[in-house]
Amino acid sequence: GVDQSDMRSSGINAEYGGDFKEEILKKESGQYLTKLLTDEAIRVVEEHDQSKPMFLYFSVPNVHSPNQSPKGQVDKYLEGLGITEYDRRQLAGNLGGLEESVHNLTKALKKSAMWENTMVVFISDNGGCPEGLMSYGGHSNYPLRSGKTTLFEGALRTPAFVYGPLVDHLKGQESDGTFHVSDWFPTLRSIIQAKTNKTVQIVNEIDGVDQSDMILNNGASVRKEILHQLHLGDQAYRMGDYKIIVGNPGESDGYRRHKNRPEIEIRYDEPYDILSQIKCAIGFCGSFNDYIIDPTDGAKVRLYNVITDPSETYNLAAKKPELVREMRAKLAKFQEIVMPAQVKGKANIGHYKHSGGIWLPWRNDMEGVQISQTILTKNEL
């Protein structure tokens, strides 16, 4: 059972379906899903042919809302921590469930004959949801601005680590280099090739870059830019130390307040006209509306140096118009090559309605299946 409702327990939701390929969901309904997933991953490790390579992608619901954990987990992990806020206590219990899951899976890997050639990669898909964003679950991205569903650093910048014998010589070291999720494929490919002299051929140009030196030697990042978003009129693009946001950055763009930490505030230039000076004097210097209007098309523009100002408190767009023009020109180039988004609600062969309530992102038998694929040529950027 769980401390709260059964949304984090296993079971097939009639409206959305389940996402566990095996029939375990039907047999184990009501059990804590994270434990079931962990047990299944451990089974895969233990039954795998130890003489052959293995790639295991393991993803659990923790610490996504709603915050749920096995009974007693919250108390177990919070004795003496003094967390008074209810949502934060539940989040800590949820995090404890994740910690236990990673511990048990890593323990199984260490017992296997594969461990000496294993590298564990721990990553997150996005930042948390502070108050005012979606379903608040005690999350905080402090001192980063805002969180999930926005284009600020609280949504885009997440922690990660690598662990295992291959990187044991770097234990305790940190890296603050730029790394995009698309970099993992060429990076892991390069590491595998160095260890085995075997590789797969890349037949088309890809977006990821090889960051193996960063992972194996704590070298510098080779990534110079990141396209964060390019659709629906709202755009975000990182070039070097700077990030530009064009359009609406998200529904809520403030900061999570903390009692014992300095409050972060948006900084504005001193206004020149009398009316604006009066507004600032009474505390209305623009609220969170720290954008400027691009006179060429009326777009709302924000530009931040996310290295010197990771909290994104000061919009530099008015002071760096040439950089704004350069970065917007790059965004326009990206629009020429972007793959069109899939139609909302488009049915696919993995839909749960076709497979007894279980989402299937694969098919066991692909014989005779026709796959429509379009290869786009990347223009010079």
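**Figure 1. S146 is a buried residue, with a relative accessible area of 3%.** Buried here means under 20% relative accessible area, exposed means over 50%, and partly exposed is whatever falls in between, using a 1.4 Å probe and protein chains only. This is a predicted model, so local features are taken at pLDDT of at least 70 and side-chain atom pairs at pLDDT 80 or more, while totals for chains, interfaces and linings use all residues. Residues are numbered from 1 along each chain as its sequence is written, and side-chain values rest on heavy atoms, with hydrogens and water left out. S146 sits in the loop between β1 and α5; helices (H or I, at least four residues) and strands (E, at least two) are DSSP runs, numbered from the N terminus. The backbone is the thing to look at: phi of S146 is near 60°, a positive value in a residue other than glycine. Most residues other than glycine have a negative phi, and most peptide bonds are trans.

**Figure 2. N218 also has a positive phi without being a glycine, at about 55°.** N218 belongs to the loop between α7 (212-217) and β3 (225-231).

**Figure 3. Two cis peptide bonds, one joining N62 to V63 and one joining Y142 to P143.** Omega is about 5° for the N62–V63 bond, and V63 lies in the loop between α2 and α3 (73-78). For Y142–P143, omega is again about 5°. P143 is part of the loop between β1 and α5 (153-156), which is also where S146 from Figure 1 is found.

**Figure 4. Helices α2 and α4 are roughly parallel to each other.** Two packed helices are described by the angle between their axes and the distance between the axes. Here the axes of α2 (residues 33-47) and α4 come within 9 Å and cross at roughly 10°. Axes are lines fitted to C-alpha atoms, for helices over the stretch in contact, with angles running from 0 to 180 degrees between N-to-C directions. Under 35 degrees counts as roughly parallel, over 145 as roughly antiparallel, 65 to 115 as roughly perpendicular and the rest as oblique. Which residues do the meeting between α2 and α4? From α2 come T34, T38, A41, I42 and V45, and from α4 come G97, S101, N104, L105, A108 and L109. Sorted by type, the residues of this contact are six nonpolar, five polar and no charged. Nonpolar covers Ala, Val, Leu, Ile, Met, Phe, Trp, Tyr, Cys and Pro; charged covers Asp, Glu, Lys and Arg; the others, Gly among them, are polar.

**Figure 5. S101 and T34 are 67 residues apart in sequence but 7.2 Å apart in space, C-alpha to C-alpha.** S101 is in α4, and T34 is in α2. S101 is buried at 4% relative accessible area, and T34 is buried at 1%. Skipping its neighbours within four places in sequence, S101 is in contact (heavy atoms within 4.5 Å) with T34, T38, F58 and V60. On the same terms, T34 is in contact with V60, P61, N62, G97 and S101.

**Figure 6. W115 and Y163 form a tilted aromatic pair.** A pair of aromatic rings is described by the distance of the centres and the angle of the planes. The W115 and Y163 ring centres are 5.8 Å apart and the planes are at 50°, so the pair is tilted. Rings of Phe, Tyr and Trp (its six-membered ring) pair if their centres lie within 6.5 Å, and planes under 30 degrees apart are stacked, over 60 edge-to-face and the rest tilted. The two partners come from distant parts of the chain, 48 residues apart: W115 from the loop between α4 (86-111) and β1 (120-122), Y163 from strand β2 (residues 161-163). W115 is buried at 10% relative accessibility, whereas Y163 is partly exposed at 32%.

**Figure 7. F179 and W184 make another tilted aromatic pair.** Their rings are 4.6 Å apart centre to centre, with 45° between the planes. F179 is partly exposed, at 24% relative accessible area, and W184 is buried, at 13%. A search of the whole structure turns up five aromatic pairs.
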